[in-house]
Amino acid sequence: PYVYFIQDYEPGFYAWSTRYLLADATYKTDNDVIAIFNSLLLKEYFDNWGYKFKYSFAFEPVLNNSLKESLLKLEKVIEKEKKILIYGRPSTDRNAFSLIVAALNKWAAIYKDAGEWEIYSAGEQHSDIMLDNGNIIHSVGKLTIEEYANILTKSYAGISLMVSPHPSYPPLEMATFGVKVITNTFCNKDLADFNSNIVSINKTNPTTIATELIKICDGYSGS
C-alpha cells in the first residue's frame, strides 16, 4: 500500500493523448492506495467519475499563517484602492491567462472609468501588457508573503481562474482579504458559498468576466 497525495486532476493537464492515459492510469493501480485529496471538492470530483481507492481522505485549504497574522493586524474596515489584482500565470494553461487579458481588454473598451484603475498580475513574472485603451497590466511576479499581503489589502477587485476541479487558493485568499474576486465554476466546483466577496461564473468568456468586473468597479467605495 502507498499514500497518494492528489493535488489536482492531473490528466487534465494534458490533451487527450498518451500522457493523459498514463496520468489517468496512476489512479487505477492494483495496489492498495490511501488517497489524500487537496479539498473535499476535488475528492467529490473523483468520486463522481467513479475512481476507487482503498481509503480516501480530504483536507480543506487554510489561510497561510503569515497571511493570517497580517490580516489580524488590520483594522476592521480596510481602506481599498482602485486596484485590480489578477492571478497571472501565462505558462500554466489551467489558469487561463489569455482569457483574463481578453476580458480586461473588453472591460477597458466598454467601461468609461477604466482609466482610473491600476491592474497588477501576481503569480509568475511576465512582461507588462498594454491594453487597447492604454491601461497596463503590471507584472509583479511571485511575491513574498509580506508583499502579497500588502497587495491583497489594497486591491478592491480581483480575477483568478482555475480550469480544474481544484478550488485554487488565490481566489479564497483574495476574498478573505476583502477583495471582490471573479472566479469560475468547474463541474462540481462552485466557490460562491465561501463568502460574499466571491463572484462565481459558469459561462466563462471575456464578455461575462468584463460585465461582472464592471459591476464590481461600480460598487467601489474605498472600503
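Start by selecting glutamate 118: with a relative accessible area of 35%, this residue is partly exposed (buried is under 20% relative accessible area, exposed over 50%, partly exposed in between, using a 1.4 Å probe and protein chains only). What you have open is a predicted model, where local features need pLDDT of at least 70, side-chain atom pairs count only at pLDDT 80 or more, and totals for chains, interfaces and linings use all residues. Residues are numbered from 1 along each chain as its sequence is written, and side-chain values use heavy atoms, leaving out hydrogens and water.

Helices (H or I, at least four residues) and strands (E, at least two) are DSSP runs, numbered from the N terminus. Is lysine 83 buried or exposed? At 11% relative accessibility, lysine 83 counts as buried.

Next, jump to helix H7 (residues 206-218) and pick glutamate 212 and lysine 215, three residues apart, about one turn of the helix. Their side chains meet in a salt bridge (3.5 Å, N to O). Glutamate 212 is buried at 18%, whereas lysine 215 is exposed at 54%.

For another pair, select aspartate 24 and lysine 28, whose closest N and O atoms are 2.7 Å apart in a salt bridge. Aspartate 24 counts as buried at 10% relative accessibility, while lysine 28 is exposed at 52%. The structure holds eight salt bridges.

Time to look at the nonpolar side. Which residues touch the most other members of the largest nonpolar core? Of its 29 residues, they are Ile84, Ile86, Leu104, Trp107, Ile159, Ile209 and Leu213 (a nonpolar core is a set of buried Ala, Val, Leu, Ile, Met, Phe, Trp, Tyr and Cys residues joined through side-chain atoms within 4.5 Å). The elements giving two or more residues to this core are S4, helix H4 (97-110), strand S8 (155-159) and H7. H4 gives the most, with eight residues.

Zoom in on isoleucine 209. Not counting residues up to four places away in sequence, isoleucine 209 touches Leu99, Ala103, Ile159, Leu161, Ile182, Ile201 and Thr204 (contact means heavy atoms within 4.5 Å).

Methods: A salt bridge is a side-chain nitrogen of Lys or Arg within 4 Å of a carboxyl oxygen of Asp or Glu.
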